[in-house]
Amino acid sequence: MTKRKELLFSVTLADCRVDTFRSGGKGGQHQNTTDSGVRITHLASGAVGESRDERSQHMNKRTAFRRMAESERFRKWHRIECARRMGRFDAIERETDRAMNPRNLQIDVQIDGRWVPEETEGTQ
């Protein structure tokens with residue numbers, strides 16, 4: 001039996017800010033007169049993709065969107081958003097809180113160019 005996939009949500013250009021700019025690269029004099037470079041920022045995650053590889057703004061927009069969607073920042077946001085929409089966010093939040101508990105963290109400080117564990121209260 002195959003597992004059925006369900007579309008939880010879509011991310012489109014409507015979810016992003018699109019900035020265009022004059023870019024260096026291919027195109028000779030064309031690059032100095034046309035805003036063909038594209039920077040796409042996904043508003044919810046802050047992930048950014050940029051392209052100035054092609055002469056065509058349309059092609060650069062496609063490439064910038066793909067780069068944004070493949071960025072580590074977007075992928076982290078996507079995992080959290082999927083968990084939230086599937087009702088598993090609370091479990092992830094509890095696990096994060098457990099992992100970030102001060103008893104489970106080691107804080108290092110740099111002293112004379114070396115990283116050493118920070119001394120806790122009462123131990124000196």
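Helices here are DSSP runs of H or I with at least four residues, strands are DSSP runs of E with at least two, and both are numbered from the N terminus. With that in hand, let's take a walk through the model.

**Before you start clicking**

What you have open is a predicted model, where local features need pLDDT of at least 70, side-chain atom pairs count only at pLDDT 80 or more, and totals for chains, interfaces and linings use all residues. Residues are numbered from 1 along each chain as its sequence is written, and side-chain values use heavy atoms, with hydrogens and water left out.

**The whole chain**

Switch to a cartoon view.

"Buried" means under 20% relative accessible area, "exposed" means over 50%, and "partly exposed" is in between (1.4 Å probe, protein chains only). Of the chain's 124 residues, 21% count as buried. "Contact" means heavy atoms within 4.5 Å. Among contacts between residues at least 6 apart in sequence, 39% join residues at least 24 apart.

**Stop 1: Ser51 and its surroundings**

Select Ser51, which sits in strand β3 (residues 48-51). Its relative accessibility is 1%, so Ser51 is buried. Show its side chain together with that of Asn60: a polar contact of 2.9 Å joins the two. (A polar contact is a pair of N or O atoms within 3.5 Å; within protein, one must be able to donate a hydrogen and the other to accept it, and residues adjacent in sequence count only if both atoms are side-chain atoms.) Leaving aside neighbours within four places in sequence, Ser51 is in contact with Ser36, Gly37, Val38, Asn60, Thr63, Ala64 and Arg67.

Two of those partners are worth a click. Thr63 belongs to helix α1 (residues 57-70), and Thr63 is buried because its relative accessible area is 15%. With neighbours within four places set aside, Thr63 is in contact with Ser51 and Asp53. Next comes Ala64; by that rule, it is in contact with Val38, Ile40, Gly49, Glu50 and Ser51.

**Stop 2**

Cys16 is buried because its relative accessibility is 10%, and Cys82 is buried because its value is 16%. How many disulfides are there? The count is 0, where a disulfide is a pair of cysteine sulfur atoms within 2.5 Å.

**Stop 3: along α2**

Now follow α2 from end to end. This helix has 14 residues and reaches 20 Å from its first C-alpha to its last, close to the 20 Å expected at 1.5 Å a residue; the expected span is 1.5 Å times one less than the number of residues. Phe74, Trp77, Glu81, Cys82 and Ala83 are its buried residues, and what covers them includes β2, α1 and α3 (89-99). Just past the helix, pick Gly87, which takes a positive phi of about 80°.

**Stop 4**

- Glu93 is in helix α3 and is partly exposed, with a relative accessible area of 39%. Draw a distance from its C-alpha to that of Ile80, 13 residues away along the chain, and you get 9.6 Å.
- Arg22 lies in the loop between β1 (16-21) and β2. Arg22 is exposed, at 55% relative accessible area, and its C-alpha is 5.7 Å from that of Gly37, though 15 residues separate them along the chain.
- Asp112 is in the loop between β4 (108-111) and β5 (114-117). Asp112 is exposed because its relative accessibility is 78%. Its phi is positive, about 50°, although Asp112 is not a glycine. Most residues other than glycine have a negative phi.
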